[in-house]
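Hi everyone, thanks for coming. Let me put the structure up on the screen, and then we can walk through it together.

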Amino acid sequence: MNKKKTTYYTVNGIIILIAITISVNLFRDKYPQIIFNLSSEIAFLFILFDVIRGRVKLPTMNGAVLFFISLIIVACVRGGWYFYESYSLNYQLVMNTAINNLQNYQLQAKRLLMGTVTAIYVYKNREKISAVTICISALVIMLGIITTTFFSIHQYLASGEQRTKLNVDAASSSSYIVLFMYCSVISMLRYVRTNLAIIIYSLSSVSSIITLYLCNTRVSFIAFLLVFLSSLFYMWHIFNPRKHVKWILYIIILSVCIPVFSGRWKEGINDIKE
């Protein structure tokens, strides 16, 4: 197998692994981290091979390169803060909360560096990403959103909590991850066939709004409404109904969603007043 085919299969395989990681993150503990580590290690090895063989050229300075540099700087700052404090900290005199926060800095720095390495490799070989891979990834994330919704409903009914948080530490974190998954699906739809795109878009939208309702986070729901209504302008070229139907659909969505979440918004206003 020549280098071009190896790179093709590698970068497309990494994209699918990342999609799986995103999809199962909220209802599985160990598997997302294992898959994420695997994809990052594969990307690092291939970048290292290219560096050793002298196949890496200095990139042109653009927005993507500056973004990667900023991620590396943030990771180095967090890692440096961890190493500095770990050598100067007296673990017997501090609370467990401070130690946990310090360990979080280490974990965040590690994951941010690994994610940046993966993103650099994917960006470097972005022209080799196939439409089939993007379609598969969109389907995987859609299934992840639907499965997350079922787990969220189960947790809501079993625990009796007003806000479901799934496998993360807070309900707001769950809602942010769901919103990220939804945005990821929308960004892939232009590479998906028309009929399949409509199915993915519809199921992802319905499942996302159910999960966000159970998470009951004000900011995430407002962001979801903005993303959803904005995405309809793009998806309308696929649906292609009469023009006035679009505004009727907007009114129906807003008239249903706003009263459902009005309780949480009133609580937020009262909190600000107090």
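Predicted model: local features only at pLDDT ≥ 70, side-chain atom pairs only at ≥ 80, totals over all residues.

Residues are numbered from 1 along each chain as its sequence is written, and side-chain values use heavy atoms, with hydrogens and water left out.

Now the overall fold. The chain has nine helices and zero strands, where helices (H or I, at least four residues) and strands (E, at least two) are DSSP runs numbered from the N terminus. Of its 274 residues, 36% count as buried, and buried means under 20% relative accessible area, with exposed over 50% and partly exposed in between (1.4 Å probe, protein chains only). Taking contacts (heavy atoms within 4.5 Å) with a separation of 6 or more, 75% are between residues 24 or more positions apart.

On to the inside. The largest nonpolar core has 32 residues, and I141, L189, V192, I200, Y201, F224 and F228 touch the most other members. By a nonpolar core I mean a set of buried Ala, Val, Leu, Ile, Met, Phe, Trp, Tyr and Cys residues joined through side-chain atoms within 4.5 Å. The elements giving two or more residues to this core are α1 (3-24), α5 (131-159), α6, α7 and α8 (218-239). Another core, of six residues, lies apart from it, and V11, I14, I15 and Y121 are among them.

Two of those helices deserve a look as a pair. How do α6 and α7 run relative to each other? Helix α6 (residues 171-188) and helix α7 (residues 194-215) pack at an angle of about 170 degrees, with axes 10 Å apart. They are therefore roughly antiparallel, a label for angles over 145 degrees, while under 35 is roughly parallel, 65 to 115 roughly perpendicular and the rest oblique. The axes are lines fitted to C-alpha atoms, for helices over the stretch in contact, and angles run from 0 to 180 degrees between N-to-C directions. On the α6 side, the contact includes Y182, V185 and I186; on the α7 side, it includes I200, Y201 and L212.

Next, a few single residues. A75 lies in helix α3 (residues 63-88) and, at 1% relative accessibility, counts as buried. Leaving aside neighbours within four places in sequence, A75 is in contact with A109, L112 and L113. Between A75 and L113, 38 residues apart along the chain, the C-alpha separation is 6.0 Å. A131, in helix α5, is partly exposed at 40% relative accessible area. Its C-alpha atom is 7.4 Å from that of V192, 61 residues away along the chain.

Last stop, the backbone. Most residues other than glycine have a negative phi. L166, in the loop between α5 and α6, has a positive phi near 55 degrees, and this residue is buried at 11% relative accessible area. N216, in the loop between α7 and α8, also has a positive phi, near 60 degrees, and counts as buried at 17%.

That's my tour, so over to you for questions!
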